[in-house]
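Morning, everyone. I have one structure to show you. Let me put it up.

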Amino acid sequence: MSATADHAEERTNPAARLGFQPEQVVQEIGYDDDVDQELRESIEEVIGSDLVDEDYDDVADAVVLWFRDDDGDLTDVLVDATTYIEEGGSILLLTPKTGRDGYVEPSDISEAATTAGLSASKSVSVGKDWSGSRLVTPKAARSGKK
């Protein structure tokens, strides 16, 4: 029964679908008044606590990164974000959808992720205004983890 319930939750809760787990520490970077509050709340519901902000001074299990085209250099932001996560952790890069202010070209995301030493595992729609790219450290780097 629990497997069925878990699968149902993955379909209905975007945070579960994105791979967030209970008790994870998730750091949020790039928060502004345009973010998707429903997604934020669903992540907090799954992890069982509030998202930690950019001033959090410990290592997180995952990072939620809201990024708009005018937020600076995406590669630099991604490199900085990798310093905040555990080895093998992931970054959920959220960018405005096509036609929205701040839209980022998928080729720019791919190039920045590769340059930052990350690989995109999947892209998902996470709301009416935002698209997400789940970025992870390469498998070769993770395989050395004990």
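Predicted model: local features only at pLDDT ≥ 70, side-chain atom pairs only at ≥ 80, totals over all residues.

Start with the overall fold. The protein chain has six helices and five strands. Along the sequence, the order reads α-α-β-α-β-α-β-α-β-β-α. So much for the elements.

Now burial and surface. The protein chain has 146 residues, and 39% of them count as buried. The chain exposes about 8300 Å². Carbon and sulfur atoms supply 46% of that area.

What about contact range? Take the contacts between residues at least 6 apart in sequence. Of these, 73% join residues at least 24 apart.

Next, the helix pair. I picked α4 and α5. Helix α4 covers residues 74-82, and helix α5 covers residues 106-115. At what angle do α4 and α5 pack? About 45°, with the axes 8 Å apart. The cut-offs matter here: under 35 degrees would be roughly parallel, and 65 to 115 roughly perpendicular. The α4 and α5 pair is therefore oblique. As for handedness, the crossing of α4 and α5 is right-handed.

Which residues make that contact? On the α4 side, they are Leu74, Thr75 and Leu78. On the α5 side, they are Asp108, Ile109, Ala112, Ala113 and Thr115. By type, the residues of this contact split into five nonpolar, two polar and one charged.

Stay on α4 for a moment. Valine 77 also lies in this helix. What does valine 77 touch, once residues up to four places away in sequence are set aside? Leu65 and Phe67. Phenylalanine 67 is 10 residues from valine 77 along the chain. Their C-alpha atoms are separated by 8.8 Å.

Last stop, a loop. Glutamine 21 sits between α2, residues 14-17, and β1, residues 26-29. Buried needs under 20% relative accessible area, and exposed needs over 50%. Glutamine 21 comes in at 44%, so it counts as partly exposed.

Leaving out neighbours within four places, glutamine 21 is in contact with Val46 and Ile47. Then there is glycine 48, which is 27 residues from glutamine 21 in sequence. In space, C-alpha to C-alpha, glutamine 21 and glycine 48 are 8.9 Å apart.

That's my tour. Over to you for questions.

Definitions and conventions: Residues numbered from 1 in each chain as written. Heavy atoms only, no water. Axes fitted to C-alpha atoms, helices over the stretch in contact; angles between N-to-C directions. Helix = DSSP H or I, 4+ residues; strand = E, 2+ residues; numbered from the N terminus. Parallel < 35°, antiparallel > 145°, perpendicular 65-115°, else oblique. Left-handed = near helix turned anticlockwise from the far one by under 90°. Contact = heavy atoms within 4.5 Å. Nonpolar A, V, L, I, M, F, W, Y, C, P; charged D, E, K, R; others polar. Buried < 20%, exposed > 50% of the residue type's maximum accessible area, 1.4 Å probe, protein only. Areas by Shrake-Rupley, 256 points an atom, 1.4 Å probe, with all protein chains shown as cover.
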